[in-house]
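Good morning. Please look at the sequence and the structure on the screen, and I will go through some local features.

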Amino acid sequence: MRAVYPGSFDPVTYGHLDIIGRAAHLTDELIIGVLKNNAKSPLFSLEERVRMLEEVTKDYHNVKVEAFEGLLVDFAKRRKADVVIRGLRAVTDFESELQMAQTNHKLAESVETIFLTTGLEYSYLSSTIVKEVAAFGGDISQFVPKMVEQKIQEKMDERRRV
């Protein structure tokens, strides 16, 4: 089974890595699809997000990281993926994720969506929270891997200098 785990990953957090690790265990191949979303202004470029994910997932033999833009189902079909993996942190995520899954199924009936709930220790965690804490000089070491923490700190330092 080949699966796609899509997201912005701006930045990748321990919550994302929790889902990645469990999805990698369930699938033969997991493609992390890093979305180029022109509607958002990310902290990290698409290339930076791909490189960070490659670094933090390098120990998984069945995980690949690829950038994509456009419809998720088109990306999944191009990659011959059977499944889309989506992470759920809380009940509040479910409604929008369900709507997306149903729309995707309407667009491509051959692509199923599997929801994985994030571990309880990460149920509050989002990339937005990480960026906000970092912007105010807070300790983000419990939210992201060390390498990601350093990259965020570099970005925040750049912004403060401007």
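Where is the place of Lys80? Lys80 sits in the loop between α3 (72-78) and β4. Before going on, this is a predicted model, in which local features need pLDDT of at least 70, side-chain atom pairs count only at pLDDT 80 or more, and totals for chains, interfaces and linings use all residues. Residues are numbered from 1 along each chain as its sequence is written, and side-chain values use heavy atoms, with hydrogens and water left out. Helices (H or I, at least four residues) and strands (E, at least two) are DSSP runs, numbered from the N terminus.

Lys80 has a positive phi of about 55 degrees although it is not a glycine. As background, most residues other than glycine have a negative phi, and most peptide bonds are trans. For accessibility, buried means under 20% relative accessible area, exposed over 50%, and partly exposed in between, with a 1.4 Å probe and protein chains only. Lys80 is exposed, with a relative accessible area of 62%.

Another residue with positive phi is Phe9, at a value near 55 degrees. Phe9 belongs to the loop between β1 and α1. Is Phe9 buried or exposed? Phe9 is buried, at a relative accessible area of 3%. Pro11 is found in the loop between β1 and α1 as well, and a cis peptide bond, with omega about 5 degrees, joins Asp10 and Pro11.

Now the strands. Two strands pair if DSSP finds at least two bridges between them. Strand β1 (residues 2-7) pairs with β4 in the parallel sense over two bridges, and Ala3 stands opposite Val83 in β4. β4 also pairs with β5 in the parallel sense, over six bridges; there Val83 stands opposite Glu112 in β5. Five of the six residues of β4 (residues 83-88) are buried, so this strand is largely enclosed by the rest of the structure.

Next, the aromatic rings. Rings of Phe, Tyr and Trp (its six-membered ring) pair if their centres lie within 6.5 Å; planes under 30 degrees apart count as stacked, over 60 as edge-to-face and the rest as tilted. By this rule the count is five aromatic pairs. In one of them, the rings of Tyr14 and Tyr122 have centres 6.3 Å apart and planes at 40 degrees, so the pair is tilted. Tyr14 lies in helix α1 (residues 14-26) and Tyr122 in the loop between β5 (112-117) and α5 (127-135), so the pair ties together parts that are 108 residues apart in sequence. Tyr14 is partly exposed, at 26% relative accessible area, whereas Tyr122 counts as buried at 19%. Phe68 and Phe75 form a stacked pair, 4.5 Å centre to centre with 10 degrees between the planes. Phe68 and Phe75 are both buried.

Last, two helices. The axes of α2 (residues 46-56) and α6 (residues 146-161) come within 10 Å and cross at roughly 155 degrees. Axes are lines fitted to C-alpha atoms, for helices over the stretch in contact, and angles run from 0 to 180 degrees between N-to-C directions. How are α2 and α6 oriented to each other, roughly parallel or roughly antiparallel? They are roughly antiparallel, since angles under 35 degrees count as roughly parallel, over 145 as roughly antiparallel, 65 to 115 as roughly perpendicular and the rest as oblique. Glu48, Met52, Glu55 and Val56 in α2 meet Met147, Val148, Lys151 and Lys155 in α6, where contact means heavy atoms within 4.5 Å.
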